[in-house]
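Good morning, colleagues. Please look at the sequence and the structure on the screen before I go through a few of its features.

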Amino acid sequence: QVHLVESGAVPAGGSLRLSCAASGGTFSLYAMGWFRQAPGKEREFVSAVNSGGGTKYYGDSVKGRFTISRDNATAYLQMSSLNFEDTAVYYCAARYYRASTYDNEYEYWGQGTPVTVFQ
């Protein structure tokens, strides 16, 4: 299971950190990914990190603003310089070992958490 915590509303230009913990397995074996889906849009890749933490990927729209990280039990998505277009439901996902930018390659999904950026 993947459990996502932290959500909320934040003003444009602000920051927010999302956390995601995976249970029921050995966390260190999981690559973790973040995706988001805005109203009326398809799910979009945001960021991913491999199981070892050494390989990270970012979507073009978040490069330079978002940072993915992980420790022994939790993956994090630090979001900065947020703008209205970042408003979406954010999902974390897990798969074994290799990070991927494709949502259909992830086996486990969190329930999603809404993030609202207001002007």
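Is Tyr-108 buried, partly exposed or exposed? Tyr-108 is partly exposed, because its relative accessible area is 30%, and the limits for that class are 20% and 50%. Please bear in mind throughout that this is a predicted model.

Let me turn to the aromatic rings. In general, a pair of aromatic rings is described by the distance of the centres and the angle of the planes. The count for this structure comes to 9 aromatic pairs. One of them joins Phe-35 and Phe-45: the ring centres are 5.6 Å apart and the planes stand at 70°, so this pair is edge-to-face. Phe-35 belongs to strand β4, residues 30-37, and Phe-45 to strand β5, residues 44-49, so the pair ties together parts that are 10 residues apart in sequence. Both Phe-35 and Phe-45 are buried.

Tyr-108, with which I began, pairs with Tyr-96: their ring centres lie 6.5 Å apart with the planes at 85°, so this pair is edge-to-face as well. Tyr-96 counts as partly exposed, because its relative accessibility is 35%.

Ring pairs also link Phe-35, Phe-45, Tyr-91, Tyr-106 and Trp-109 into a cluster. Two of these rings have the charged end of Arg-43 over them: that end is 5.7 Å from the ring centre of Tyr-91 and 4.1 Å from the ring centre of Trp-109.

Next, the cysteines. How many disulfides does a search of the whole structure find? The search finds 1 disulfide. Its partners are Cys-20 and Cys-92, with their sulfur atoms 2.0 Å apart. The link is right-handed, with 60° about the S-S bond. Cys-20 and Cys-92 are both buried.

Finally, the pockets. The largest pocket holds about 220 Å³ of space. Among the residues that line this pocket are Arg-36, Gln-37, Pro-39, Lys-41, Phe-84 and Thr-87. By class, its lining comprises 4 nonpolar, 2 polar and 5 charged residues.

Thank you for your attention.

Methods
Residues numbered from 1 in each chain as written. Predicted model: local features only at pLDDT ≥ 70, side-chain atom pairs only at ≥ 80, totals over all residues. Heavy atoms only, no water. Disulfide = S-S within 2.5 Å. Buried < 20%, exposed > 50% of the residue type's maximum accessible area, 1.4 Å probe, protein only. 1 Å grid on protein atoms, 1.4 Å probe; cavity = no way out; pocket = protein on both sides within 12 Å on 5 of 7 lines; lining within 4 Å. Points joined across faces, edges and corners; volume = space filled by probe spheres on them. Nonpolar A, V, L, I, M, F, W, Y, C, P; charged D, E, K, R; others polar. Phe/Tyr/Trp six-rings, centres within 6.5 Å; stacked < 30°, edge-to-face > 60°. Helix = DSSP H or I, 4+ residues; strand = E, 2+ residues; numbered from the N terminus. Lys NZ or Arg CZ within 6 Å of the ring centre and 35° of its normal.
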